[in-house]
Amino acid sequence: MIIKELSSKSQDIIIVTSSLTQDMNNSKLDSVYKASAIRALGTIVDGSMVQSIERFIKTAMADRNGLMSSAALVTGIHLFEVNKEAVRRWLSDVQQALSLAPQKSITQYHALGLAYLVKQNDRMAIMKLVQQMQSSAANPLSACLFLRMYVSVLSKDPSIKYSTI
């Protein structure tokens, strides 16, 4: 709450951002603190500052720790509203997080959600994502999102109904 209040003052946001990036780089801190720092950064940065934290978020997406990668993916979802182009550049990292995520983890759901958000206006990319996830959406939330994507594809193109996706 305090960070959100401080983020309204432009002179203080640099201090807060610097402190949070130091927390993310500190190898002695537990991943819980690092994930919290990533989520906090996602709430306070504006569109022009996204590029300055891009490296940290991309590194966290590739992290083997599910807490870190989920925090980075959720931050990506929130930052998509602020700077769409920067988040679109992360698509290869999102795809990697989606393929490396354990099937029953929440990371799979977050990666699928961000991939769908980035690709939502590209029908062929959504169809490819549906085909990719057809057999691996084991998390119940991922399965629900997969069904939403499937219905979206079917509603936009009725000729696909009788073919296998």
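## Contacts around leucine 141

Contact here means heavy atoms within 4.5 Å. In this predicted model, leucine 141 touches Ile106 and Tyr109, when residues up to four places away in sequence are not counted.

## The chain as a whole

The protein chain contains 10 helices and zero strands, and, read along the sequence, the pattern is α-α-α-α-α-α-α-α-α-α. Of its 165 residues, 45% count as buried. When contacts between residues at least 6 apart in sequence are considered, 62% of them join residues at least 24 apart.

The accessible surface of the protein chain comes to about 9,300 Å², and carbon and sulfur atoms account for 54% of that surface.

## Helix α9 and its cover

Helix α9 runs over residues 123-133, and its buried residues include Ala125, Ile126, Met127, Leu129, Val130 and Met133. Among the elements that cover the buried residues of α9 are α7, which spans 91-100, together with α8 and α10.

Lysine 119 lies in helix α8, made up of residues 106-119. Leaving aside residues up to four places away in sequence, lysine 119 touches Leu91, Gln95, Ala125, Ile126 and Leu129; of these, Ala125, Ile126 and Leu129 are listed among the buried residues of α9. Lysine 119 is buried yet has no salt bridge, and the nearest side chain of opposite charge, that of aspartate 122, is 7.5 Å away.

## Salt bridges

The count of salt bridges in the model comes to three. One of them joins arginine 89 to glutamate 54, with the closest N and O atoms 3.4 Å apart. This pair links distant parts of the chain, since arginine 89 is in the loop between α6 (84-88) and α7, whereas glutamate 54 is in helix α4 (residues 50-61), 35 residues apart. Arginine 89 counts as partly exposed at 42% relative accessibility, while glutamate 54, at 12%, counts as buried.

Another salt bridge is formed by lysine 58 and aspartate 93, whose closest N and O atoms are 3.6 Å apart. Lysine 58 lies in helix α4 and aspartate 93 in helix α7, so this pair ties together parts that are 35 residues apart in sequence. Lysine 58 is partly exposed, with a relative accessible area of 29%, and aspartate 93 counts as buried at 15% relative accessibility.

Arginine 88 and glutamate 85 also form a salt bridge, in which the closest N and O atoms are 3.1 Å apart. These two residues are separated by about one helical turn, because they stand three residues apart in helix α6. Arginine 88 is partly exposed, its relative accessible area being 31%.

## Aromatic rings

A search of the whole structure finds one aromatic pair. An aromatic ring also takes part in an arrangement with a charge: the charged end of arginine 55 sits over the ring of phenylalanine 56, 4.5 Å from the centre of that ring.

Note on methods
Residues numbered from 1 in each chain as written. Predicted model: local features only at pLDDT ≥ 70, side-chain atom pairs only at ≥ 80, totals over all residues. Heavy atoms only, no water. Helix = DSSP H or I, 4+ residues; strand = E, 2+ residues; numbered from the N terminus. Buried < 20%, exposed > 50% of the residue type's maximum accessible area, 1.4 Å probe, protein only. Lys, Arg positive; Asp, Glu negative; His and termini not counted. Salt bridge = Lys/Arg side-chain N within 4 Å of Asp/Glu carboxyl O. Areas by Shrake-Rupley, 256 points an atom, 1.4 Å probe, with all protein chains shown as cover. Phe/Tyr/Trp six-rings, centres within 6.5 Å; stacked < 30°, edge-to-face > 60°. Lys NZ or Arg CZ within 6 Å of the ring centre and 35° of its normal.
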